[in-house]
Amino acid sequence: MALALSLGARGLGRTWPNPAVGCVIVKGARIVGRGWTQPGGRPHAEVMALRQAGDAARGAVAYVSLEPCAHHGKTPPCAEALIAAGVSRVVTALEDPDPRVAGRGHAMLRAVGIDVTEGVMGAEAAEANAGFLKRVTRGLPLVTLKLATTLDGRIATASGESRWITGPAARRAVHALRMSHDAVMVGVGTALADDPDLTVRDMGAGHQPVRILIDSRLRHSAESRLGRTAGQHPVWICHGPGAPTAAREA
């Protein structure tokens, strides 16, 4: 299951609105298939692992970091795919709280005689997919606050001249955080003062998070770094009803 969780983590920040799931298929003492949810949320992890396993999946054990889906969406249910492949046992970390699943995937597997074990490394799986779980169960996004301060609680000098408070290791950790999130958000004050890119850099990222700017009166310039790169990586600007009409139409 630890490997399934590790594989699932590869999809964090890239699978919205679906969860980032990992799947490992084991036959005897040999891994015959592995997969994770692909960018955009499909194909699902189980499908990727079953493709790799091929006929070796028959009689094998599938380790999945989230209950296999049981509903027909843009793709058929993963529970049906596991049944068709002939796996003998499925081990999962979490029940999927999505009302379209919510135990139905496990029930489908058990109904045809497949042995199902639940709750293996459940706490770790819940932490890995905290964003998905919070959205499904509470209708809210998971927000991670990134804040760099000095020991006395300052973020810059009185003149605003301070550029780096943290060191290279901390800045790299921030880019790793960006890569695992769906979006990065700043207020217009930060955008005007720092002119940030808000992209993932030096991490080999093939995907960039959505960049969100809170700018109630649309004071931010289209000539900023965010404005100049909007054609390459998406920027969402949230403004208030008092924003000038000319700025809205620009």
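Student: Which residues does threonine 199 touch, not counting residues up to four places away in sequence?

Tutor: In this predicted model, threonine 199 touches His175, Arg178, Gln208, Arg211 and His233. Threonine 199 itself sits in the loop between α8 (188-194) and β7 (210-214).

Student: What makes threonine 199 count as buried or exposed?

Tutor: Its relative accessibility is 9%. Buried means under 20%, so threonine 199 counts as buried.

Student: How do you know how helix α2 and helix α3 are oriented to each other?

Tutor: Helix α2 (residues 45-53) and helix α3 (residues 78-85) pack at an angle of about 20°, and their axes are 9 Å apart. Angles under 35 degrees count as roughly parallel, and α2 and α3 are therefore roughly parallel to each other. The crossing of α2 past α3 is left-handed.

Student: Which residues make the contact, and how many of them are nonpolar, polar or charged?

Tutor: From α2 come Glu46, Val47 and Leu50, and from α3 come Cys78, Ala81, Leu82 and Ala85. By class, the contact of α2 with α3 has six nonpolar residues, no polar ones and one charged residue.

Student: Why is the pair of aspartate 115 and arginine 89 called a salt bridge?

Tutor: The N to O distance between their side chains is 3.5 Å. The cut-off is within 4 Å, so the pair qualifies as a salt bridge. Aspartate 115 lies in strand β5 (residues 115-117) and arginine 89 in strand β4 (residues 89-92), so the pair ties together parts that are 26 residues apart in sequence.

Student: What makes aspartate 115 and arginine 89 buried, partly exposed or exposed?

Tutor: Aspartate 115 has a relative accessible area of 41%, and arginine 89 has a relative accessibility of 28%.

Student: Which residues are linked in a network of salt bridges?

Tutor: The network links Asp195, Asp197, Arg201 and Arg225. By the same rule, the count comes to six salt bridges.

Methods: Residues are numbered from 1 along each chain as its sequence is written. This is a predicted model: local features need pLDDT of at least 70, side-chain atom pairs count only at pLDDT 80 or more; totals for chains, interfaces and linings use all residues. Side-chain values use heavy atoms; hydrogens and water are left out. Helices (H or I, at least four residues) and strands (E, at least two) are DSSP runs, numbered from the N terminus. Buried means under 20% relative accessible area, exposed over 50%, partly exposed in between (1.4 Å probe, protein chains only). Contact means heavy atoms within 4.5 Å. Axes are lines fitted to C-alpha atoms, for helices over the stretch in contact, and angles run from 0 to 180 degrees between N-to-C directions. Angles under 35 degrees count as roughly parallel, over 145 as roughly antiparallel, 65 to 115 as roughly perpendicular and the rest as oblique. A crossing is left-handed if the near helix is turned anticlockwise from the far one by less than a right angle, and right-handed if clockwise. Ala, Val, Leu, Ile, Met, Phe, Trp, Tyr, Cys and Pro count as nonpolar, Asp, Glu, Lys and Arg as charged, and the others, Gly among them, as polar.
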